[in-house]
Amino acid sequence: IAAFISGMGPGRIEDLFAQVLLVCAEEGLLGGTHFSIDRGEGDGGAPERRRLERLRKKAERIGRFLAENPARMGRGGKEVQANVTDNESAKMRGSHGIVQGYNANACVDGAHQVVVHAEAFGEGDDGAAAAGIDAYIPDRQFRSRDPRFADARRHRRPTDKHKKQYRSQRRFFGPGDFTFDESSGRLVCPAGVRMHRSGTAFKNRDGATAVSYRAGQRACARCAARCALRLRCLRNPGQKTPRQVRVFYKRGSIGLTHAMKAKIDTPLGRRTYSRRLGIVEPVFANIAAQKGLDRFTLRGRAKVNIQWKLYCMVHNLEKVARNGSSWN
């Protein structure tokens with residue numbers, strides 16, 4: 001299969017993919033009104049002289065790579081980290097942590113889960129939706145905000161021998177436990193220590209501005225005798241650096257992430273997002289678990305893209321075989 005994919009040009013897989021979609025359309029397998037999108041992440045003891053020889057070859061390989069390849073630029077116009085093995089791939093977050101690979105996208109029709117478009121990208125994040133499409137970007141925390149899952153904790157398996165839900169008994173001090181002294185312009189910690197302002201104002205990616213306050217080195221050291229306070233103040237009691245607190249006093253404009261969360265949290269958004277899970281997730285489960293594509297086996301975006309389209313096309317042919325009326 002690898003040799004077959006390597007010898008196939010991008011144009012041929014595009015034509016075959018389109019022909020399968022036409023068959024799906026003729027068989028009435030496409031609804032054409034609701035599509036869902038998702039992505040999958042494809043991913044001693046030698047003598048000293050031999051070890052040094054391997055290191056020398058690696059250094060020469062890196063040298064040739066730097067001489068033959070220009071700097072790789074990201075979407076923001078800044079240089080991103082290159083990869084000698086496959087410079088078209090990228091680091092991205094997967095189910096097993098950070099992996100080097102490709103971002104495999106699939107646009108799935110809502111009627112019979114037919115893949116209408118498939119593309120693999122060497123970038124860790126999905127591109128922005130365009131052309132006026134009413135898009136919903138995946139949100140891993142949506143269940144924690146959905147009131148329908150408010151009592152989900154009671155269904156979890158108990159974690160102790162007494163069949164009781166585990167609850168952490170430790171509570172750490174948060175910004176709300178610190179008070180601001182207007183006369184001195186300092187923040188006062190629960191132990192009564194005045195914390196001074198440190199550095200310039202901090203601003204997050206959503207434009208919210210915060211002021212950082214830090215306690216003195218000696219003040220936090222004296223608090224070591226007060227074990228109860230120190231355990232509630234520092235997650236690591238053995239920490240030597242003083243506690244720092246950021247207090248936000250100016251909220252920025254609503255960013256794209258917060259705007260998408262607000263959209264998902266509406267009644268219509270929750271219904272639409274639930275449909276997305278039922279449409280697109282089974283497609284990736286079928287391709288990964290039943291078809292065996294749990295990782296890409298080729299290098300270079302062109303070959304990876306062909307491999308991804310080929311598996312999606314097989315998925316579509318399976319839909320035709322099971323649901324079509326005249327295709328054999």
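Where in the structure is Gly 101 found? Gly 101 sits in strand β3 (residues 97-109). Helices (H or I, at least four residues) and strands (E, at least two) are DSSP runs, numbered from the N terminus.

This is a predicted model, in which local features need pLDDT of at least 70 and side-chain atom pairs count only at pLDDT 80 or more, while totals for chains, interfaces and linings use all residues. Residues are numbered from 1 along each chain as its sequence is written, and side-chain values use heavy atoms, with hydrogens and water left out.

## Accessibility

Gly 101 is buried, at a relative accessible area of 5%. Buried means under 20% relative accessible area, exposed over 50%, and partly exposed in between (1.4 Å probe, protein chains only). Gly 101 and Asn 87 are 14 residues apart in sequence. Their C-alpha atoms are 10.0 Å apart in space.

| Residue | Relative accessible area | Class |
|---|---|---|
| Glu 119 | 15% | buried |
| Gln 113 | 19% | buried |
| Arg 301 | 28% | partly exposed |
| Leu 16 | 33% | partly exposed |

## Glu 119 and Arg 301

Glu 119 belongs to strand β4 (residues 115-121). Arg 301 belongs to helix α9. Their side chains are joined by a polar contact of 2.9 Å. A polar contact is a pair of N or O atoms within 3.5 Å; within protein, one must be able to donate a hydrogen and the other to accept it, and residues adjacent in sequence count only if both atoms are side-chain atoms. Glu 119 also has a side-chain polar contact of 3.4 Å with Asn 305.

Contact in general means heavy atoms within 4.5 Å. Not counting residues up to four places away in sequence, Glu 119 touches Asn 103, Ala 104, Asn 105, Arg 301, Asn 305, Trp 308 and Lys 309. With neighbours within four places left aside, Arg 301 is in contact with Glu 88, Tyr 102, Glu 119, Ala 120, Phe 121 and Gly 122. Arg 301 and Ala 120 are 181 residues apart along the chain, yet their C-alpha atoms are separated by 7.1 Å.

## Helix α9 against α8

Helix α8 (residues 267-290) packs on helix α9 (residues 301-323) at an angle of about 110°, with axes 11 Å apart. Axes are lines fitted to C-alpha atoms, for helices over the stretch in contact, and angles run from 0 to 180 degrees between N-to-C directions. The two helices are therefore roughly perpendicular. Angles under 35 degrees count as roughly parallel, over 145 as roughly antiparallel, 65 to 115 as roughly perpendicular and the rest as oblique.

From α8, Val 283, Phe 284, Asn 286 and Ile 287 meet Trp 308, Tyr 311, Cys 312, His 315 and Glu 318 of α9. This contact has 6 nonpolar, 2 polar and 1 charged residues. Ala, Val, Leu, Ile, Met, Phe, Trp, Tyr, Cys and Pro count as nonpolar, Asp, Glu, Lys and Arg as charged, and the others, Gly among them, as polar.

Gln 113 lies in the loop between β3 and β4. Beyond four places in sequence, its contacts include Val 283 and His 315.

## Helix α9 against α2

The axes of α2 and α9 come within 10 Å and cross at roughly 20°. That makes α2 roughly parallel to α9. Residues of α2 in this contact include Ile 13, Leu 16, Phe 17 and Val 20, and those of α9 include Ile 306, Leu 310 and Met 313. By class, the residues divide into 14 nonpolar, 1 polar and 2 charged.

Leu 16 is found in helix α2 (residues 10-26). Leaving aside neighbours within four places in sequence, Leu 16 is in contact with Met 8 and Met 313.
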